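Please keep the sequence and the structure at hand while reading.

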Amino acid sequence: MLLSVPLPALNRVGKNIAQSLKKLGLETVQDLLLYFPFRYDDFSQTTSIDKIEAGQNISITGTIELIQNKRSVKQRRQLTEALISDDSGLIKVIWFNQPFIAQNLKPGDRVSLAGKTAESYGQLTLISPQYEKIGANGVLIHTQGLVPIYHLNADITQKQFRFLIKQAIEAADKFKEWLPESVRKELQLLPLATAIKRAHFPENMEQALAARKRLGFDELFIRQLRSQALKYQLKNKVAPKIIFQEMMTKKFVQSLPFTLTTGQKQAAWEILQDINKDAPMSRLLEGDAGSGKTVVAAMALFNVAINKYQGALMAPTEILAGQHYQSIQKLLGAFNVKIALLTGHQAEANFELPKNKAERREKIIKDAEIIIGTQALIQDYNISKLALVIVDEQHRFGVKQRQKLQQSGGGLWPHFLSMTATPIPRSLALSLYGDLDLSLIKELPQNRKPIITKVITEEQRDQAYNFVRQQIIAGRQAFIICPLVEESDKLGVRSATAEYKRLKKEVFPDLEIGLIHGKLKSAEKEKIMSALANKDIQILVATAVVEVGVDIPNASVILIEGAERFGLAQLHQFRGRVGRGEEQSYCLLLTSKEQQNPKTAERLQALSKYNDGLSLAKIDLKLRGAGDLYGLVQSGFPELRIASLFDYEMIKKTQISAEKIIKSDPELANYPALREKLGDTSNEEAHLE
Ligand code: ADP
Ligand code: MG
């Protein structure tokens with residue numbers, strides 16, 4: 001089987017399964033094999049039936065003595081009951097609402113079962129176990145050893161998914177080894193194909209860990225190689241020198257409605273010094289949500305404008321670009337700076353533009369001193385006097401993208417600043433971003449009060465709505481976050497659209513409610529965001545689109561539905577949407593009781609205890625149990641799916657290996673496979689955005 005085989009070519013991949021795989025981003029065998037489990041269920045010990053107790057996770061093999069479908073007492077659920085025997089005894093098994101099981105399994109069949117035991121009506125029972133017939137080939141993938149568990153959507157079961165992986169797994173041999181033998185040997189890493197196979201079907205935890213080590217290494221190593229290669233490339237490059245405008249900068253600072261924090265001043269000073277040189281700046285500005293990075297960016301852009309150069313500020317979405325456009329205009333309002341917004345759908349400026357669409361864009365590119373947009377900005381246009389590029393929350397803005405920055409005209413390289421709210425400690429940031437210098441804003445502005453965060457349950461929903469109403473009566477605004485857009489969700493999570501309608505009709509008929517989600521047209525999103533900014537909307541119901549960067553200082557409460565479904569980092573980002581002004585702000589985490597296992601509860605409670613992202617990131621890591629190998633880390637680094645941001649030792653190792661290779665062979669002439677791999681992945685990145 002080739003890696004390029006499309007998934008519908010596999011056994012049992014019909015239209016529906018193909019669809020749901022596609023939703024997971026999986027279209028080919030290669031995609032499938034690179035979709036790793038995030039943990040394993042350990043069924044490595046089969047138990048004999050007489051040793052079983054209630055409340056255990058067990059795996060047994062036995063023979064079906066009896067199997068039948070029943071209606072449950074309340075007539076609401078279909079039950080399938082079976083009796084299983086082995087040499088030592090009998091045990092009862094129950095499945096709910098899966099009557100087909102009685103078709104699949106017949107008395108006399110040998111089966112392997114894995115699941116949890118409980119006491120049911122005084123009888124030891126195995127409840128809804130994974131089951132597998134022991135066939136002629138004797139290979140078991142669902143119920144024995146370490147069973148992989150994947151992040152899936154509701155349309156495809158773990159069992160179906162494992163079945164597909166099993167079909168495709170031998171194709172893992174087709175993955176080309178690209179890691180130099182020397183590196184592999186030195187760090188004792190598994191060959192790529194072996195690592196991929198063992199990640200899906202390890203025989204034991206040791207194998208699972210070794211697979212993870214290799215795959216995590218790869219992610220970090222690629223990242224490091226790119227950084228080092230770029231660093232090498234930029235070594236003798238020349239950038240426009242932006243002379244520090246002391247007087248004007250002071251005037252700007254005095255014009256602000258607040259005083260800058262020490263962290264902001266320090267960061268601004270580091271940046272302004274950097275761009276005052278003719279070597280291209282490569283700097284990362286890290287500061288928690290709300291720490292005030294935008295004004296620091298504005299200061300640098302302002303200096304660029306006075307120097308008669310152009311600066312670009314790029315946001316991850318059009319909404320955020322629109323918002324930056326508003327804020328930068330406000331910040332620089334008293335100064336005569338030509339500012340423009342340029343995205344796929346927007347072309348506006350604070351100076352006069354022609355009516356014609358193409359001409360408008362041309363004029364912006366030519367005349368604007370500060371251009372705000374999305375990443376498409378530097379891909380689609382050639383900004384001839386570009387001296388500074390700032391990217392906000394775009395970890396994917398990699399080497400490939402930066403390489404595009406070189407200007408065709410003078411051959412000068414613009415300075416580069418990347419801004420992020422992802423909390424990582426300084427030492428880690430320095431090695432993770434091998435090519436960037438670091439500025440940190442440690443403190444939040446003084447006027448901020450810590451956000452009060454409460455975990456609430458379904459029973460407190462009405463109370464929560466009353467609270468939201470009180471805040472609105474006091475003149476504030478509110479966000480209500482829902483996990484999904486449409487009511488297609490089988491897990492019963494409130495979808496944004498349905499919730500919006502319900503709130504409007506039943507809960508807040510007298511208030512102005514808005515709805516925003518990723519499927520809206522960009523012009524509509526913009527309209528809603530500006531209505532929110534103008535306080536024409538009091539409550540905004542939203543999906544995760546508001547996650548990063550939206551700045552509505554008047555919003556004082558955010559209610560998050562289905563909070564257990566989000567990661568800590570993401571919840572912290574949501575929470576960062578409030579508490580941006582002087583008012584006391586609140587974050588309400590709504591979660592249904594059923595969804596609350598102790599771990600979830602602890603995770604959510606952490607948010608009420610800690611207000612800083614760094615502490616939360618550490619807790620997130622700690623709460624992922626030993627079995628949770630492949631984290632959906634939500635670290636803010638989409639390309640790090642396996643590697644841990646907190647595995648400092650591994651990060652350091654990858655940095656050293658990458659440095660060594662680039663130093664001895666900057667063009668990778670002796671490492672064709674590696675060169676190809678780098679080319680591959682940076683292309684991928686560019687497409688992803
Ligand atoms: P982030 O770092 O998350 O991008 P922003 O730049 O959006 O934060 O700033 C958040 C809010 O804080 C904005 O409304 C901004 O005007 C305000 N702000 C920035 N710096 C200060 C400060 N030193 N004191 C008070 N408010 C500030
Ligand atoms: Mg921001």
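This is a predicted model: local features need pLDDT of at least 70, side-chain atom pairs count only at pLDDT 80 or more; totals for chains, interfaces and linings use all residues.

## Contacts of the ligand

An oxygen atom of ligand 1 is 3.5 Å from a polar backbone atom of S291. At T259, a backbone N or O atom lies 2.8 Å from a nitrogen atom of ligand 1. Taken alone, ligand 1 exposes 570 Å², and the protein buries 85% of that area.

## The shell around the ligand

There are 18 residues around ligand 1, and T259, G290, K293, T294 and R448 come nearest. Sorted by class, the shell around ligand 1 consists of five nonpolar, eight polar and five charged residues.

## Aromatic pairs

A pair of aromatic rings is described by two quantities, the distance of the centres and the angle of the planes. In this model the count comes to 11 aromatic pairs. One of them is formed by W178 and F221, which are stacked, with 6.5 Å from centre to centre and 20° between the planes. This pair links distant parts of the chain, as its two members are 43 residues apart. W178 belongs to the loop between α4 (158-168) and α5 (181-186), whereas F221 belongs to helix α7 (residues 205-234).

Is W178 buried or exposed? W178 counts as buried because its relative accessible area is 6%, and the cut-off for a buried residue is under 20%. F221 is likewise buried, because its relative accessibility is 0%.

F221 also forms an aromatic pair with F217, and this pair is stacked: 5.1 Å centre to centre, with 20° between the planes. Both F217 and F221 lie in helix α7, four residues apart, which is about one turn of the helix. F217 has a relative accessibility of 0% and therefore counts as buried. Elsewhere, ring pairs link Y35, Y150 and F161 into a cluster.

## Charges over rings

Which residue places its charged end over the ring of W178? The residue is R214, and its charged end sits 5.6 Å from the centre of that ring. W178 thus takes part in a stacked pair with F221 and also has the charged end of R214 over its ring.

A further example involves Y309. K385 lies over the face of Y309, at 4.9 Å from the ring centre.

Notes
Residues are numbered from 1 along each chain as its sequence is written. Chains are lettered from A and ligands numbered from 1 in the order in which they are written. Side-chain values use heavy atoms; hydrogens and water are left out. A residue is near a molecule or strand if one of its heavy atoms lies within 4 Å of it. A polar contact is a pair of N or O atoms within 3.5 Å; within protein, one must be able to donate a hydrogen and the other to accept it, and residues adjacent in sequence count only if both atoms are side-chain atoms. Accessible areas come from the Shrake-Rupley method with a 1.4 Å probe; for residues, only the protein chains shown count as cover. Ala, Val, Leu, Ile, Met, Phe, Trp, Tyr, Cys and Pro count as nonpolar, Asp, Glu, Lys and Arg as charged, and the others, Gly among them, as polar. Rings of Phe, Tyr and Trp (its six-membered ring) pair if their centres lie within 6.5 Å; planes under 30 degrees apart count as stacked, over 60 as edge-to-face and the rest as tilted. Buried means under 20% relative accessible area, exposed over 50%, partly exposed in between (1.4 Å probe, protein chains only). A charge sits over a ring if NZ of Lys or CZ of Arg is within 6 Å of the ring centre and within 35 degrees of the ring normal.
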